[in-house]
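My notes are below the structure.

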Amino acid sequence: QQCTATTAQTLYFFYKDIVANATLVNIAAQTLFTSTPTTKVHQHRLFVNTFRALREDGIVFLLDEDTDEYMLLSKNRVLLPYLQDNSKNKQRPNYLRHVPNSRLKHLSQAMKSDKNNNNNSAFK
C-alpha cells in the first residue's frame, strides 16, 4: 500500500526485527512471569496482541502483510505533516483510518493555537 502523504523521515520497521530484539524478548519474558516449555508461545502471543492493540489504537499501521512492514504514526513525522498539508477536499489516507478523530482534532487545535501564539514550543 502506498503512503504518499508521509515524509522521508517516517519510521518504517519490520515485525520480525521487533520480535528478534533481545531486550524486548527479555521484557516479554519478565512480563509473563513464567519459564515453562510454552513460554515462547506465550511471548509470541504477547507480541501479536500488543501489535494488534497498537494497530487498533492508530499508533502503528501495517503497510504490507506479506513482509509485516509497519509504519509508526508519530505526531511529528506523520500526523502533523498530514494536518498541515490537508485540504478540505482530501480524504483521510488509509494509514490514518484507526487514528481517532479526537487525536487529530486535538493536534489540529493545538497547531492553530500555537500559530496564534507564535510559539512553537508545543511541537518541538
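The entries start with the sheet and then turn to the helices. I kept in mind throughout that this is a predicted model.

**Sheet.** I looked up the strand order first. I found an open sheet of three strands, ordered S1-S3-S2, with antiparallel pairing. I then checked the edges: strand S1 (12–14) and strand S2 (60–64) each pair on one side only. From one strand to the next, I noted an average twist of 35°.

**S1 and S3.** I went through the pairing of S1 with strand S3, residues 69–72. The two run antiparallel and are joined by three bridges.

Which strands does helix H3 touch? I found that H3, residues 39–56, packs on the sheet and touches S1, S2 and S3. The direction of H3 makes about 105° with that of S2.

**H4 and H5.** I next took helix H4 (residues 75–85) and helix H5 (residues 101–117). Their axes come within 10 Å and cross at roughly 75°. Angles of 65 to 115 degrees count as roughly perpendicular, so H4 is roughly perpendicular to H5.

I listed the residues making this contact. H4 contributes Lys75, Leu79, Leu80, Tyr82, Leu83 and Gln84. From H5 come Arg103, Leu104, Leu107, Ser108 and Met111. Sorted by class, I have seven nonpolar, two polar and two charged residues in the contact of H4 with H5.

Conventions
Residues numbered from 1 in each chain as written. Predicted model: local features only at pLDDT ≥ 70, side-chain atom pairs only at ≥ 80, totals over all residues. Heavy atoms only, no water. Pairing = 2+ DSSP bridges. Helix = DSSP H or I, 4+ residues; strand = E, 2+ residues; numbered from the N terminus. Axes fitted to C-alpha atoms, helices over the stretch in contact; angles between N-to-C directions. Contact = heavy atoms within 4.5 Å. Parallel < 35°, antiparallel > 145°, perpendicular 65-115°, else oblique. Nonpolar A, V, L, I, M, F, W, Y, C, P; charged D, E, K, R; others polar.
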